[in-house]
Amino acid sequence: MRTVAVVGASLAGLSAARSLRKRGYDGRLVVIGDEPHRPYDRPPLSKEFLAGAIGEGDLALETDDEDLRAEWLLGSRATGFDRAARAVRLADGREVRADGFVLATGAAARILPGADGLAGVHTLRTLDDARALRDELALGGRLVVIGGGFIGAEVASTAYALGLDVTVIEVAPTPLAASLGPTMGSIVSGLHTDHGVRLRCGVGVKGLSGEHRVDAVLLEDGSTVPADIVVVGVGARPCVEWLEGSGIALDDGVVCGADGRTSLGGVVAVGDCANWYDPRAGRHRRVEHWTGARERPDAAVAALLSWGESEPGLPKPPYFWSDQYGVKIQFAGHAARADSVTVEEGSPDERNVLAVYRRAGRPVAVLGMNQPRLFTRWRKHLAVAA
């Protein structure tokens with residue numbers, strides 16, 4: 001291959017670029033990004049950066065001595081893929097032709113219908129999102145977080161530490177049940193009530209009120225929650241609309257094999273936009289975690305450079321972490337595969353536990369709350385046993 005284009009200047013895109021050079025690729029490398037920023041770390045956006053504890057320079061993912069010999073096309077949104085010409089079309093009218101492609105366009109925050117143009121309403125996905133929200137949180141007031149997932153929980157925790165009055169609204173009966181299961185989801189989300197953050201579960205959002213700026217969240221049970229600031233954290237959608245009509249198979253993202261290969265030769269997908277096949281589960285799934293964006297691109301790059309002749313091997317069980325109210329939460333594996341979950345160490349009442357999820361007696365997932373050493377041990381065991 002003489003030219004490889006990486007579409008997405010994210011952690012996944014940067015990881016792919018690094019793997020290309022590490023694996024000996026010496027040709028032209030073009031990295032396309034729709035944001036004007038070089039690759040930056042996203043997990044701190046809802047925590048340290050939002051709290052003002054770190055600055056933008058601390059988010060940089062590239063090292064001072066790193067030389068990828070890449071052409072960076074930043075602030076350039078991909079709008080289409082020409083299969084015949086082997087080219088990515090950009091919003092400014094340019095085309096980037098290449099022999100191989102790494103699709104790493106990530107995912108975008110889902111928005112609340114009817115919230116467009118109303119001041120005080122935020123999503124949190126990008127550095128620009130975090131800048132705007134940080135400025136508003138600094139003013140104090142009443143914050144309502146719509147969505148009790150990990151991003152929403154981290155924003156609530158950060159805002160609580162900044163002194164805001166915080167309410168979290170979650171449509172499901174138990175927050176985090178989709179990720180952790182109902183039992184452990186209830187224990188982890190109990191951190192909100194432990195700290196005086198109001199938690200409203202089992203009720204949906206009907207809409208927002210306010211003429212120019214939001215002043216309340218309207219719930220489907222007829223109640224109203226006053227708000228000066230609203231953060232919508234109701235999940236993300238893969239950014240793959242630009243690939244429609246390209247001949248690349250799409251279904252909740254870019255459909256990939258276990259090594260990231262797509263339905264089109266010479267094209268692989270990584271990161272949040274990639275719907276990889278999971279040999280352990282026997283189905284496709286998107287893994288929207290930092291470790292997946294850092295680790296999985298290497299397998300995809302190996303497949304790209306070998307034109308699919310490399311053996312991908314089994315991917316590591318998904319791993320993510322979260323910091324909320326001073327508690328370190330770590331999780332690895334898939335809770336949905338489990339038929340039982342047991343607390344092996346610690347006390348749920350003290351939010352200090354090590355819980356193991358099993359299926360037919362075999363561990364398939366592990367959760368730690370302030371149990372880093374035990375969690376690390378179990379995570380290594382899980383990679384072998386799962």
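This report covers the cores, cysteines, a pocket and several loop residues of a predicted model.

## Basis

Residues are numbered from 1 along each chain as its sequence is written, and side-chain values use heavy atoms, with hydrogens and water left out. Because the model is predicted, local features need pLDDT of at least 70 and side-chain atom pairs count only at pLDDT 80 or more, while totals for chains, interfaces and linings use all residues.

## Nonpolar cores

The largest nonpolar core has 48 residues. A nonpolar core here is a set of buried Ala, Val, Leu, Ile, Met, Phe, Trp, Tyr and Cys residues joined through side-chain atoms within 4.5 Å. Buried means under 20% relative accessible area, exposed means over 50%, and partly exposed lies in between (1.4 Å probe, protein chains only). Phe81, Val88 and Leu103 have the most contacts inside this core. Helix H1 (residues 11–22) gives the most to it, with six residues. Helices (H or I, at least four residues) and strands (E, at least two) are DSSP runs, numbered from the N terminus. Apart from this core lies another, of 41 residues, including Leu59, Leu127, Val197 and Val327. In soluble globular proteins, nonpolar side chains tend to be buried together.

Take Leu103. Leaving aside neighbours within four places in sequence, Leu103 is in contact (heavy atoms within 4.5 Å) with Val7, Trp242, Leu243, Ile248, Val254, Val267, Val268, Ala269, Val270 and Cys273.

## Cysteines

A disulfide is a pair of cysteine sulfur atoms within 2.5 Å. By this rule the count is zero disulfides. Cys239 is in no disulfide, and the nearest cysteine sulfur, that of Cys273, is 8.0 Å away. Cys239 counts as buried, at 15% relative accessibility. Cys201 is partly exposed, with a relative accessible area of 31%.

## The second largest pocket

The volume of the second largest pocket is about 220 Å³. The search runs on a 1 Å grid over the protein atoms alone; a pocket is an open set of points where a 1.4 Å probe fits, with protein on both sides within 12 Å along at least five of seven lines, and lining residues have an atom within 4 Å of a point. Grid points are joined across faces, edges and corners, and a volume is the space filled by probe spheres set on the points.

This pocket is lined by 18 residues, and Glu295, Arg296, Leu314, Pro315 and Lys316 are the closest to its centre. Helix H7 (residues 290–305) supplies the largest share of the lining, six residues. By class, the lining has 10 nonpolar, three polar and five charged residues. Ala, Val, Leu, Ile, Met, Phe, Trp, Tyr, Cys and Pro count as nonpolar, Asp, Glu, Lys and Arg as charged, and the others, Gly among them, as polar.

## Loop residues

Ser306 lies in the loop between H7 and strand E22 (319–324). Ser306 is partly exposed, at 24%. Leu164 sits in the loop between helix H4 (150–161) and strand E11 (165–170). Leu164 is buried, at 6% relative accessibility. Beyond four places in sequence, Leu164 is in contact with Leu137, Gly140, Gly141, Leu143, Ala159 and Ile229.

Two arginines have positive phi. Arg69, not a glycine, has a phi of about 50°. Arg69 is in the loop between helix H2 (48–51) and strand E3 (70–74), and is partly exposed at 45% relative accessibility. For Arg86, phi is near 55°, again positive in a residue other than glycine. Arg86 lies in the loop between strand E4 (78–82) and strand E5 (87–90).
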